[in-house]
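Let's learn to read a structure by asking about it, one feature at a time. Have a look at what comes next, and then we'll get going.

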Amino acid sequence: MSVNLAKGQRVSLQKGPGGSLTVVRMGLGWQAAPKRGLFGSRTRTIDLDASALLYAERTPSDVVFFQHLESDDGSVRHTGDNLEGGSGADDDEAILVDLMHVPAHITQVVFTVSSYTGQTFAEVQRAHCRLVDETTGQELARYELAGGGPHTGQIMAKVVRDGDGGWEMQAIGAPAKGRTFQDMLPAIDPYL
């Protein structure tokens, strides 16, 4: 059963008694909002980019994004860049995280979304970030981006090691400015 997360809410990624997830997929989906004009409404393509930043405590260690599709250790992998989005219901970009092989010094993986083409989130509709058990295909948690806004980046969520050797997901949903994850690094800092 999937959990719809509210901003700031956390959910454990333990499967059940004694079980733990091995591989999760962070899926990102979006659709360009139609603009009304003199001759009706039209939509422009919007190139949103999903990134995963790997942190050792508060120190950046590695990043996975459209120009670096796999972490140096191979535990995190981006499935490829989508330049225009889609229906908003399905995932347009995905990042796979092999939780069993994330190096022990990595304590959190932060997922961001940025508008590479510079459009604001006011021009995006039906954006979501979801976590899926890659083994079973079951959706574990979903965070819907609501409200749009004048920002070009979004710190969507993070997965964090818990004290018991497992992982939990936290919805962040914080707006940021930036066309790339590098531009958003100062905005990510308070959420580490």
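Q: Is Phe181 buried or exposed, and what do those words mean?
A: Buried means under 20% relative accessible area, exposed over 50%, and partly exposed in between, with a 1.4 Å probe and protein chains only. Phe181 has a relative accessible area of 9%, so Phe181 is buried. Before we go on: this is a predicted model, where local features need pLDDT of at least 70 and side-chain atom pairs count only at pLDDT 80 or more, while totals for chains, interfaces and linings use all residues. Residues are numbered from 1 along each chain as its sequence is written, and side-chain values use heavy atoms, with hydrogens and water left out.

Q: Which residues of helix α1 are buried?
A: Helices (H or I, at least four residues) and strands (E, at least two) are DSSP runs, numbered from the N terminus. In α1, residues 181-188, the buried ones are Phe181, Met184 and Ile188. They sit on the same side of α1, because they cover an arc of only 60° around the axis; that arc is taken from the directions from the helix axis to the C-beta atoms.

Q: What covers those buried residues of α1?
A: Look for contacts, meaning heavy atoms within 4.5 Å. The cover includes β8 (48-56), β9, β12 (108-115), β15 (153-161) and β16 (167-176).

Q: How many aromatic pairs are there?
A: A pair of aromatic rings is described by the distance of the centres and the angle of the planes. Rings of Phe, Tyr and Trp (its six-membered ring) pair if their centres lie within 6.5 Å; planes under 30 degrees apart count as stacked, over 60 as edge-to-face and the rest as tilted. The count here is three aromatic pairs. One of them joins Phe65 and Phe181, edge-to-face, at 4.8 Å centre to centre and 65° between the planes. That pair links distant parts of the chain, 116 residues apart: Phe65 is in the loop between β9 and β10, and Phe181 is in helix α1. Phe65 is buried too, with a relative accessible area of 11%.

Q: What about the rings of Phe66 and Tyr116?
A: Their centres are 5.4 Å apart and their planes at 75°, so this pair is edge-to-face. Phe66 lies in the loop between β9 and β10 and Tyr116 in the loop between β12 and β13, so the pair ties together parts 50 residues apart in sequence. Phe66 is partly exposed at 22%, and Tyr116 is partly exposed at 30%. Ring pairs link Phe65, Phe66, Tyr116 and Phe181 into a cluster.

Q: What sits over the ring of Tyr116?
A: A charge sits over a ring if NZ of Lys or CZ of Arg is within 6 Å of the ring centre and within 35 degrees of the ring normal. Here the charged end of Arg179 does so, 4.9 Å from the centre of the Tyr116 ring.

Q: How many salt bridges does the model have?
A: Side chains of opposite charge can pair when their charged atoms come close. A salt bridge is a side-chain nitrogen of Lys or Arg within 4 Å of a carboxyl oxygen of Asp or Glu. The count comes to five. Among them is the bridge between Asp91 and Arg25, at 3.0 Å from N to O. Asp91 lies in the loop between β10 and β11 (93-98) and Arg25 in strand β5 (residues 23-32), so the pair ties together parts 66 residues apart in sequence.

Q: Which residue forms a salt bridge with Asp91 at 2.9 Å?
A: That's Arg130, which sits in strand β13 (residues 124-133), 39 residues from Asp91. Arg130 is buried at 16%, while Asp91 is partly exposed at 21%. Glu139 forms a salt bridge with Arg130, the closest N and O atoms being 2.9 Å apart, and Glu139 is buried at 18%. Salt bridges with shared partners join Arg25, Asp91, Arg130, Glu134 and Glu139 into one network.

Q: What joins the side chains of His128 and Asp91?
A: A polar contact is a pair of N or O atoms within 3.5 Å; within protein, one must be able to donate a hydrogen and the other to accept it, and residues adjacent in sequence count only if both atoms are side-chain atoms. His128 and Asp91 share one of 2.9 Å. His128 lies in strand β13 and is buried, with a relative accessible area of 0%.
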